[in-house]
Amino acid sequence: MNIHNSPTSIEELMDRAVGMAGLSLAQLAAEHSLSVPKDLRRDKGWIGQLMELELGASAGSKPQQDFLHLGVELKTIPVDDTGKPLETTYVCVAPLLDTTGLRWHDSLVRHKLQRVLWIPVQGSRDIPLGERRIGMPVLWQPTPAEEQSLRQDWEEIIELIALGKVASISARHGEVLQLRPKAANSRAKTECIREDGTIGLTNPRGFYLKTAFTQQILRAAFAD
DNA sequence: ATCTGATCATAC
DNA sequence: GTATGATCAGAT
């Protein structure tokens, strides 16, 4: 199933995603003539890249949805044997400068999460990478309640950033959305607003979805 | 066992 | 550095 063309409809995208459910990562890698890394320590994005290949997502480092023409963002999510997410989900970089006038409706978080195709993959480190199996896909759109939760957290965090308090924002802020470092390492710096309004430097941050939130998404999808 | 801050590879 | 793809691993 070496498909490199981009799907022309959501239906076609879902057919492809359902088609790879149940396969092991080794099986899928073999179909694309890729070797399976020993582990993910130095290949943290390997599974995501593999899914992009199989589903025909646009490769590269473009700052847009994976399936722009379909309005769909692709996310792989590592889960344990009960289906519980093992990691938070990165959404996008957070603006630490020029936050004035930013509104939820126009935010990158809202745009990226308008429609997400979740691909659960066994993520336990006890399972050799190649033996981990791909689960049934979930096409998700935030319910009004979910969007409200996201919006509330986003507005709170953005407000703190605008007040120059980014340094005091920890991953504990937010019910469903959190702010955490997103960089090569802690020496990476980017400009931010200081409390006195001047410009300072701090570690780049990204928005992440907490595991309880993504667990709820997956549970609701498989509830029927 | 879970969470939070830190980190890894790659393209440009 | 910023953007893509995320998971690692020490602290709690």
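Which strand gives the largest share of the surface near DNA strand B? That would be E5 (residues 177–181), with three residues. Here are my notes on the rest.

1. **Ground rules.** This is a predicted model, where local features need pLDDT of at least 70, side-chain atom pairs count only at pLDDT 80 or more, and totals for chains, interfaces and linings use all residues. Residues are numbered from 1 along each chain as its sequence is written, chains are lettered from A and ligands numbered from 1 in the order in which they are written, and side-chain values use heavy atoms, with hydrogens and water left out.

2. **DNA strand B, the neighbours.** There are 20 residues around DNA strand B, and Arg42, Lys44, Arg180, Ala183 and Ser186 come nearest (a residue is near a strand if one of its heavy atoms lies within 4 Å of it). By class, this surface has five nonpolar, seven polar and eight charged residues. For the classes, Ala, Val, Leu, Ile, Met, Phe, Trp, Tyr, Cys and Pro count as nonpolar, Asp, Glu, Lys and Arg as charged, and the others, Gly among them, as polar. Of the atoms of DNA strand B within 4 Å of the protein, sugar or phosphate make up 57%, and bases the rest.

3. **DNA strand B, polar contacts.** A polar contact is a pair of N or O atoms within 3.5 Å; within protein, one must be able to donate a hydrogen and the other to accept it, and residues adjacent in sequence count only if both atoms are side-chain atoms. The side chain of Arg42 has an N or O atom 2.5 Å from a phosphate oxygen of DNA strand B. Arg172 also points a polar side-chain atom at a phosphate oxygen of DNA strand B, at 3.3 Å. Ala183 uses a backbone N or O atom instead, which lies 3.3 Å from a base oxygen of DNA strand B.

4. **DNA strand C.** Sugar and phosphate account for 67% of the atoms of DNA strand C that come within 4 Å of the protein. The bases get contacts too: a side-chain N or O atom of Glu87 is 3.1 Å from a base nitrogen of DNA strand C, and one of Arg180 is 3.4 Å from a base oxygen. On the phosphate side, Thr190 has a side-chain N or O atom 2.9 Å from a phosphate oxygen of DNA strand C.

5. **What faces DNA strand C.** Which element gives the most to the surface near DNA strand C? E1 does, with four residues. (Helices, H or I of at least four residues, and strands, E of at least two, are DSSP runs numbered from the N terminus.) The classes on this surface are seven nonpolar, seven polar and 13 charged residues.

6. **The largest pocket.** About 1,700 Å³ of space lies in the largest pocket. Pockets are found on a 1 Å grid over the protein atoms alone, using a 1.4 Å probe, as open sets with protein on both sides within 12 Å along at least five of seven lines; lining residues have an atom within 4 Å of a point. The lining counts 48 residues, and Lys44, Gly45, Thr76, Tyr90 and Lys182 lie nearest the centre. E1 supplies the largest share, six residues. Split by class, the lining has 20 nonpolar, 13 polar and 15 charged residues.

7. **The second largest pocket.** This one holds about 180 Å³ of space. Its lining has 15 residues, and Val79, Thr82, Gly83, Leu218 and Phe222 are the closest to its centre. Both E3 and helix H6 (211–221) supply at least two lining residues each.

8. **Aromatic pairs.** The structure holds four aromatic pairs (rings of Phe, Tyr and Trp, the last by its six-membered ring, pair if their centres lie within 6.5 Å; planes under 30 degrees apart count as stacked, over 60 as edge-to-face and the rest as tilted). Trp104 and Trp154 form an edge-to-face pair, 5.8 Å centre to centre with 65° between the planes. Trp104 lies in the loop between E2 and H4 and Trp154 in helix H5 (residues 144–162), so the pair ties together parts 50 residues apart in sequence.

9. **A ring cluster.** Ring pairs link Trp118, Trp140 and Phe213 into a cluster. Trp118 counts as buried because its relative accessibility is 1%, and Trp140 is buried at 7% (buried means under 20% relative accessible area, exposed over 50%, partly exposed in between, with a 1.4 Å probe and protein chains only).

How values were computed. Points joined across faces, edges and corners; volume = space filled by probe spheres on them.
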